[in-house]
Amino acid sequence: MTLDQLLVDSQTELRRYLRQRFGCDMLAAEAVQDACVRLSGTARPAIGTVRHPRAYIFRVATNIALDILRRETRERRRFVALDDAPEAVEVPVPSVERSIEQRERLALLRGAIDELPPRCREVFVLHKLDGLSHTDVADRLGISRNMVEKHVIRAMRHFRDRLDAAGHES
């Protein structure tokens, strides 16, 4: 069996292991994907030179997950200079758990947006993400202002339902 085959066969178990260890499915998925890229590259060792190939794959993925967490922690600790402030002000750093939770909620929201019917999604994006008023959205799409409001309400209910369902799954 090649290292590539072992990696493919172990992906589900590896992702489950990382999710249990770090408490975040998105982090686990990202680490497994990065491990696949790293281990399929030309710089990887031949399977015959690795004494315990399965342990090697798990160690590589765990190290990648730790690197991702360290990078995120460093990025949150950076200083941001404000235009009207004479000196730099430190930005509050959320906990790693809070950051992971926010990433999961954002991924859930992206998925929920993709699930909306096309017109409802278009109205939501124009209003909430692009900042257009209900009247501007109605004019741009050739629909009534009342219909814009109905689409926004429908989208917001969908998001609430998805977040509620995700909260019960945890």
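**Exercise 1. In which element of the protein is confidence lowest, and in which is it highest?**

Solution. The model is predicted, with local features requiring a pLDDT of at least 70 and side-chain atom pairs counting only at pLDDT 80 or more, while totals for chains, interfaces and linings use all residues. Residues are numbered from 1 along each chain as its sequence is written, and side-chain values use heavy atoms, with hydrogens and water left out. Begin with pLDDT, the predictor's confidence in each residue, from 0 to 100: the protein averages 81, and 81% of the residues score at least 70. Then go to the elements, which are DSSP runs numbered from the N terminus (helices, H or I, at least four residues; strands, E, at least two). Confidence is lowest in strand E1 (residues 79-80), with a mean of 48, and highest in helix H6 (residues 134-141), at 92. Finally, pLDDT stays under 50 over residues 79-83, for which the model has eight contacts (heavy atoms within 4.5 Å) beyond four places in sequence.

**Exercise 2. Describe how helix H1 and helix H2 are placed against each other.**

Solution. Two packed helices are described by the angle between their axes and the distance between the axes. Axes are lines fitted to C-alpha atoms, for helices over the stretch in contact, and angles run from 0 to 180 degrees between N-to-C directions. The axes of H1 (residues 3-22) and H2 (residues 25-40) come within 8 Å and cross at roughly 155°. H1 and H2 are therefore roughly antiparallel to each other, given that angles under 35 degrees count as roughly parallel, over 145 as roughly antiparallel, 65 to 115 as roughly perpendicular and the rest as oblique. Among the residues that meet are Leu 7, Leu 14 and Phe 22 in H1 and Ala 28, Val 32 and Leu 39 in H2. By class, the residues of this contact divide into 13 nonpolar, two polar and four charged (Ala, Val, Leu, Ile, Met, Phe, Trp, Tyr, Cys and Pro count as nonpolar, Asp, Glu, Lys and Arg as charged, and the others, Gly among them, as polar).

**Exercise 3. Work out how H2 is oriented to helix H4.**

Solution. The axes of H2 and H4 (residues 96-115) come within 8 Å and cross at roughly 85°, which makes H2 roughly perpendicular to H4. The contact is made by Asp 25, Met 26, Leu 27 and Glu 30 of H2 together with Arg 103, Glu 104 and Ala 107 of H4. These residues divide into three nonpolar, no polar and four charged.

**Exercise 4. Work out how H5 and H6 are oriented to each other.**

Solution. H5 and H6 pack at an angle of about 135°, with their axes 9 Å apart, and are therefore oblique to each other. The contact includes Val 123 and Leu 126 of H5 and Val 137 and Leu 141 of H6.
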